Amino acid sequence: MSTSSRNAEPRAPLDHFQANDFSPYHFFSSEEWARFRADTPLTLTADEVQRLRSLGDPIDLNEVRRIYLSLSRLLSAHVESSLLLFQQRNRFLSLSDVTKTPFVIGIAGSVAVGKSTTARILKELLRRWPSSPKVDLITTDGFLYPNATLIQKDILNRKGFPESYDTSAILGFLAAIKAGRPNVAAPCYSHLTYDVLPEQFTTIDRPDILIFEGINVLQSRDLPADGKIVPMVSDFFDFSIYIDADEPLIHNWYVNRFMNLRQTAFRDPNSYFHRYAAISEDEALARAEDLWANINLKNLRENILPTRPRADLILRKGENHLIDSVALRKL
Ligand SMILES: Nc1ncnc2c1ncn2[C@@H]1O[C@H](COP(=O)(O)OP(=O)(O)O)[C@@H](O)[C@H]1O
Ligand SMILES: CC(C)(COP(=O)(O)O)[C@@H](O)C(=O)NCCC(=O)O
């Protein structure tokens with residue numbers, strides 16, 4: 001069937017999900033993936049998983065066992081190899097007294113796909129490894145320009161698009177982390193006030209592992225006209241994960257979450273969306289659909305999904321947020 005109509009839904013490019021000899025990925029069903037956990041112990045309880053999950057994300061202990069234990073085992077192998085390589089390079093360069101800098105894991109994907117849950121579950125699993133590494137988690141929303149700046153630039157309705165982030169600040173933050181600097185400050189964002197929190201920072205002090213999560217972490221920058229060489233955010237990553245799902249599913253998760261937030265967070269008078277707690281269900285639904293279609297879906301198609309082929313690992317979700325397949329980049 002031809003899809004030449006201008007109104008036709010563009011199809012997500014799923015080519016790298018079709019296993020073939022030329023694909024840079026290995027593909028696994030969730031059942032195949034689950035077997036790679038081997039004897040990795042389950043170190044989280046059902047209560048802990050419930051506390052870690054975001055609103056609307058039904059992840060449970062079974063999903064942690066099925067998907068996250070294999071991931072934890074794989075990441076453990078990567079962290080170990082990175083340490084080994086670091087030691088071998090120091091021997092090669094006759095360096096002593098050099099401290100290993102953090103292993104950085106990037107997590108990308110659409111708004112409302114469940115990146116925060118994945119990031120929090122991973123953080124807890126990794127810090128419970130026998131070596132007890134120090135694991136920190138930072139989200140890129142703190143690096144959004146404050147609403148006042150977005151309004152001044154007339155791009156409040158482009159929140160989440162590349163131009164709404166202070167990318168130089170992100171690069172500066174990651175460069176400092178990778179240089180092993182102590183007490184590196186990251187700005188904080190509040191989904192309640194829908195704005196960056198002025199003068200509020202999280203301090204990151206030389207963790208063993210840093211998880212860096214956000215819709216934009218695998219994006220490249222336009223090359224500056226002055227020919228200056230600029231790194232990409234992902235140049236600082238040792239491993240990257242993309243959380244994937246079909247558009248209609250993410251659309252449902254976004255709209256359902258918005259409607260659920262009306263009964264919870266939006267009731268708080270400090271919520272930026274407080275006014276949507278009081279309007280009719282139909283009006284609220286129309287607002288959620290509008291935010292999805294005109295901001296988040298647009299951003300997914302234009303700026304987020306195109307970064308998927310850069311990920312080392314793709315976790316693809318089906319109905320109910322359950323991961324149904326996994327793609328792992330071949331080495
Ligand atoms: N308007 C809002 N008010 C309160 N919490 C929100 C709001 N929007 C999103 N959240 C919460 O913020 C977190 C991040 O959501 P989001 O940025 O969409 O990424 P993801 O769903 O991929 O984790 C989630 O825990 C979500 O439930
Ligand atoms: C802050 C966000 C860009 C999400 O960033 P994320 O934490 O997913 O990296 C998003 O939640 C957002 O505010 N989008 C703008 C449209 C909306 O209000 O949903």
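1. The largest share of the shell around ligand 2, 3 residues, is supplied by helix α9, which covers residues 281-304; helices (H or I, at least four residues) are DSSP runs numbered from the N terminus. This is a predicted model, in which local features need pLDDT of at least 70 and side-chain atom pairs count only at pLDDT 80 or more, while totals for chains, interfaces and linings use all residues. Residues are numbered from 1 along each chain as its sequence is written, and chains are lettered from A and ligands numbered from 1 in the order in which they are written.

2. A residue is near a molecule if its C-beta atom, placed from the backbone, lies within 6 Å of it. The residues around ligand 2 include Lys115, Asp141, Lys159, Leu291, Ile295 and Asn296. By class, this shell has 4 nonpolar, 5 polar and 3 charged residues, where Ala, Val, Leu, Ile, Met, Phe, Trp, Tyr, Cys and Pro count as nonpolar, Asp, Glu, Lys and Arg as charged, and the others, Gly among them, as polar.

3. Around ligand 1 there are 15 residues, of which Ser54, Lys115, Ser116, His191 and Ala265 come nearest. Helices α4 (115-127) and α7 (247-261) each give at least two residues to the shell of ligand 1.

4. In α7, the buried residues (20 or more other C-beta atoms within 10 Å of their own, C-beta atoms being placed from the backbone) are Ile250, His251, Trp253, Tyr254, Phe258 and Leu261. Seen down the axis of α7, these buried residues fall within an arc of 165° (taken from the directions from the helix axis to the C-beta atoms), so they line one face of the helix.

Methods:
Buried ≥ 20, exposed ≤ 12 C-beta atoms within 10 Å, placed from the backbone.
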